[in-house]
Amino acid sequence: MFYFQAKQSGEPVRNSFFDYAIGPYDAKTVRDVAKTMSVFTVFIPLPVFWSLYDQHASRWVYQADKMNRDVFGWFTLEPDQIPVLNPICILTMIPLFNRVIYPSLEKRGIILKPLEHRMAIGMGLTALAFILSGTLDAVVDSNPRYTVYWMWQFPQYIVLGAGEIMVSVTGLEFAYSQAPKTMKSVVMSGWLMTTAVGNLLVILIATIDIVASEYGLQLLFFANMMLVFILIFFWIINGFNYKAAFDDYSDEEDVVGGSGIGGAGVGEIHLSDDEFDDGSGGVSIKMQISGSEKVNSSFDTNEFDSPNSYGSLGY
């Protein structure tokens with residue numbers, strides 16, 4: 001709305017679509033919304049991931065119902081008891097990933113970035129789990145009922161658990177760290193919404209019967225859909241700018257340096273204690289910056305490496 005109003009009034013073109021909302025809303029709020037939307041774009045493939053992952057408690061249960069679920073002659077497992085393998089695999093493998101796999105790769109100079117490496121690999125592992133499941137289903141259907149042992153499902157649960165660790169754990173950390181302070185709950189809500197959309201996607205595909213009724217073909221269809229969305233995911237995250245940890249300091253200010261989103265009407269102040277010394281080794285300033293309200297700020301120059309080093313404050 002603000003964009004079309006600006007065009008009708010002949011205002012100059014701004015750097016970002018969201019910049020047109022500056023005025024009716026303060027620059028910090030507009031910037032936070034823009035950051036949140038950039039994080040939300042990364043969520044686009046996640047409903048497909050969840051549409052696969054949550055089927056370990058539905059289609060995989062139907063698959064187990066056709067298998068031999070005897071446990072060493074002691075008792076027989078119910079089909080809906082077998083998905084307990086999923087949390088067992090996850091709780092077992094999280095320490096393995098955090099204490100062994102990731103550190104070992106880092107020692108060899110292989111740094112797995114959250115999006116283009118961990119999450120993408122996790123989605124690939126999820127697709128692989130469904131390829132294994134679809135293949136197993138073909139084997140089960142080609143043999144008499146209750147002859148294929150239920151433990152043949154174990155490999156697909158291990159691969160699915162590894163996929164969830166690399167997508168869900170990494171994604172939650174990414175979403176929370178990249179969200180502005182004022183929008184963290186909104187971003188977390190968006191993350192949870194992807195699960196709901198994923199489950200709706202399963203219902204939609206099952207209702208319109210896109211693929212044949214054989215479970216094996218349906219599982220392979222979901223695997224291929226995940227592979228397609230991995231390619232879409234790479235296109236979405238191309239050039240994504242990660243927010244550094246220290247960027248949260250700027251969330252406490254009205255605006256930050258530069259122009260456009262992330263800094264309308266602002267500047268950076270570089271100070272040296274040789275020029276501004278209050279006698280205590282610290283600096284105290286009070287000035288008007290680019291039309292904003294007067295700002296009182298101070299910092300201790302003793303925190304820097306040398307008494308003459310420069311600090312940088314963004315407003």
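**Reading the interior of the model**

Analyst: We begin with the makeup of a cavity lining in this predicted model. The second largest cavity is lined by five nonpolar, no polar and two charged residues.

User: Which residues line the second largest cavity, and how much space lies in it?

Analyst: Its lining consists of Y102, L105, E106, I110, I111, L112 and R118. The space in this cavity is about 30 Å³. Helix α5 gives the most to the lining, with three residues. The structure holds two cavities of 30 Å³ or more.

User: How should I read the nonpolar core, and how many residues does the largest one have?

Analyst: The general idea is that, in soluble globular proteins, nonpolar side chains tend to be buried together. Here, the largest nonpolar core has 52 residues, and those with the most contacts inside it are L46, L115, M123, M226 and F233. Helices that each supply at least two residues of this core include α2 (27-42), α6 (114-141) and α9 (215-237). Helix α7 gives the most, with nine residues.

User: Which residues does L46 touch, leaving aside those up to four places away in sequence?

Analyst: L46 touches M119, M123, V167, W191 and T194. One of these, M123, is also among the residues with the most contacts inside the core.

User: Why is α3 described as largely enclosed by the rest of the structure?

Analyst: The reasoning rests on burial, for which the cut-off is under 20% relative accessible area. Eight of the eight residues of α3 are buried, and therefore this helix is largely enclosed. They are L46, P47, V48, F49, W50, S51, L52 and Y53. Their cover includes α5, α6, α7, α8 and α9.

User: How should I read a helix such as α2, and which of its residues are buried?

Analyst: In general, an α-helix has 3.6 residues a turn, so residues three or four places apart point the same way. In α2, the buried residues are A27, K28, V30, R31, D32, A34, K35, T36, V39 and V42. This helix has 16 residues and reaches 24 Å from its first C-alpha to its last, close to the 22 Å expected at 1.5 Å a residue.

User: Finally, why is I94 classed as partly exposed?

Analyst: Partly exposed covers the range between the buried limit of 20% and the exposed limit of 50%. I94 has a relative accessible area of 28%, so it is partly exposed. This residue lies in helix α5. The C-alpha atoms of I94 and G161 are separated by 9.2 Å, although these residues are 67 apart along the chain.

Definitions and conventions
Residues are numbered from 1 along each chain as its sequence is written. This is a predicted model: local features need pLDDT of at least 70, side-chain atom pairs count only at pLDDT 80 or more; totals for chains, interfaces and linings use all residues. Side-chain values use heavy atoms; hydrogens and water are left out. A nonpolar core is a set of buried Ala, Val, Leu, Ile, Met, Phe, Trp, Tyr and Cys residues joined through side-chain atoms within 4.5 Å. Buried means under 20% relative accessible area, exposed over 50%, partly exposed in between (1.4 Å probe, protein chains only). Helices (H or I, at least four residues) and strands (E, at least two) are DSSP runs, numbered from the N terminus. Contact means heavy atoms within 4.5 Å. On a 1 Å grid over the protein atoms alone, a cavity is a set of points where a 1.4 Å probe fits but cannot get out, and a pocket is an open set with protein on both sides within 12 Å along at least five of seven lines; lining residues have an atom within 4 Å of a point. Grid points are joined across faces, edges and corners, and a volume is the space filled by probe spheres set on the points. Ala, Val, Leu, Ile, Met, Phe, Trp, Tyr, Cys and Pro count as nonpolar, Asp, Glu, Lys and Arg as charged, and the others, Gly among them, as polar. The expected span of a helix is 1.5 Å times one less than its number of residues.
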